[in-house]
Every structure is written in C-alpha cells, then in structure tokens.
Amino acid sequence: MARILFVEDEQALLDTVERFFKKQGFDVFTARGITQALEHHKRFKPDVVVLDVMLNEGPEPDSDGFQVCRALRDADYEGPVIFVTARTAEQDKLLGFDLGADDYVTKPFSLLELKARVAAVLRRAGGARSVYRFGTIEVDLDNYVIRHPDAEERLSNREQELLRYLIEHRGKVLPRADLLTGIWRYSPNVTTRTVDTHILNVRKKLRDDASNPRFIETLHGVGYRFIANEG
Ligand code: CA
C-alpha cells in the first residue's frame, strides 16, 4: 500500500483529500506546515508527497510549499513530489524553481485527476511500465525505440519522456504549458515551440498523420491529446 503525504494549510481540503485517498487504499498522512511534514517524513517514510504551494493559513504562515520541498529533500526524502498551485503567479514561480518536482496540478483539481497524477509518479518511481503495443506498432520506452513491422525508429531522451507522458495521460487534453513543465522540468529558455517540435518528431516516428491522427491529436491553441488505445 502506497504511503502518501499531503501538505496543505486548508483543513477542509486536507480532510476531503484524506478521505478520498484512504478509500482508494492509500496510507494517508496530512500536514498543515513544514514541521509536521518533516515529522511525518521521519516517522512514516511516505512514497509520494503532494505539496500545496500556498501555506499561509497553516501554523507556519511564512513558509510555502517550495520551502517544505527543500526541507524534505534536505532530510533525504528522495521520492516523487507533486505541487499543487493556483493558476496565477505561483505557476510562474514554479517554472523558475528546480526542486526536482515530478508533476504539478492546478487548483481547482478533481480528485480523480490528482489520483491519476499520483499513480503516474509512483509508477515512474517504482520502475514504470514501458512497453506498449498499439496495433502493429510497439512502443518500447525502456529501449528508446518504436518498432514498426518493417523498421525501427530511435527516440531521443526528450522524445521518450514526451511519449511516456502522453501515453500515461492518454485521453486527456494536455496543454502545451503542462507538457513543458512535465517534461522539461522548468528549464529556462525552453518555450512551447520546443514542445511542438518534439511532437512533430514523435509523430513522424509513429508514422502518424496530423490531419487524421491515430496517436496524437492537436487541439489548436490548446495542446495535444494521445488518443490511441492498446491492443
Ligand atoms: Ca493552501
């Protein structure tokens, strides 16, 4: 059973999330600030931490999720971290940080979305599943290769990460900004154009047709969606 630590200053939200994740079979620990978060880390060794950025209503109103993340890393927490942000300046701030965050969700989020993100980072942390078959095409992420019946296409590191992200979030509309943060991890000097270029390359290697896609659908002005089903 996975152990999950939530850090959030709003008690009501903490209660909702706790109830939901307990029902989903997680061991849930909650903290409203940095001290409690560190105590839980030391005692219970969580597998994944979900950190709200704004903690100003908690017992330590001067601290924020970034500080909690840093403190946990200093205390040798090495597992995945998911940030929860409001879609405002916090998100820009997140872009400037390099804290080894694995993903982020923006408020308001659905509990099912959060669960999917948690499951995905846990899969990755525990050695993610990495071979997928779509019709006659095999996507082998371990070996950075797409196998067609007649040829193989090699994937670069970024292409492999991008494809993994798309497949793990399949069926979901992924804004380009989310792909940027999810894959390029807040690297400076990377723009959404980089995302488009990589999508183009991955699409070519999948032999997908942008105007009649089987794998990656473009939602103009929004982002992309992986639409293929396995089998
Ligand atoms: Ca908060």
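Start with helix α1: its buried residues (under 20% relative accessible area, 1.4 Å probe, protein chains only) are covered by elements including β1 (3–7), β2 (27–31) and α5 (111–125). Helices (H or I, at least four residues) and strands (E, at least two) are DSSP runs, numbered from the N terminus. This is a predicted model: local features need pLDDT of at least 70, side-chain atom pairs count only at pLDDT 80 or more, and totals for chains, interfaces and linings use all residues. Residues are numbered from 1 along each chain as its sequence is written, and side-chain values use heavy atoms, without hydrogens and water.

Stay on α1. Select L14, V17, E18, F20 and F21, the buried residues of the helix. Then find G25, which follows α1 and has a positive phi, near 90°.

Next, select the calcium ion. Its protein donors are E8 (OE), D9 (OD), D52 (OD) and M54 (O), at 2.0 to 2.8 Å. Donors are N, O and S atoms within 2.8 Å of the metal (3.2 Å for Na, K and Ca); water is not among the atoms, so sites may look incomplete. D9 sits in the loop between β1 and α1 and D52 in strand β3 (residues 48–52), so the pair ties together parts 43 residues apart in sequence. Both D9 and D52 are buried.

Now show the aromatic rings. The whole structure holds 9 aromatic pairs. Rings of Phe, Tyr and Trp (its six-membered ring) pair if their centres lie within 6.5 Å; planes under 30 degrees apart count as stacked, over 60 as edge-to-face and the rest as tilted. Select F215 and F226: their ring centres are 6.1 Å apart and their planes at 45°, so this pair is tilted. Finish at F6, F20, F21 and F26, a cluster linked by ring pairs.

Methods
Buried < 20%, exposed > 50% of the residue type's maximum accessible area, 1.4 Å probe, protein only. Contact = heavy atoms within 4.5 Å.
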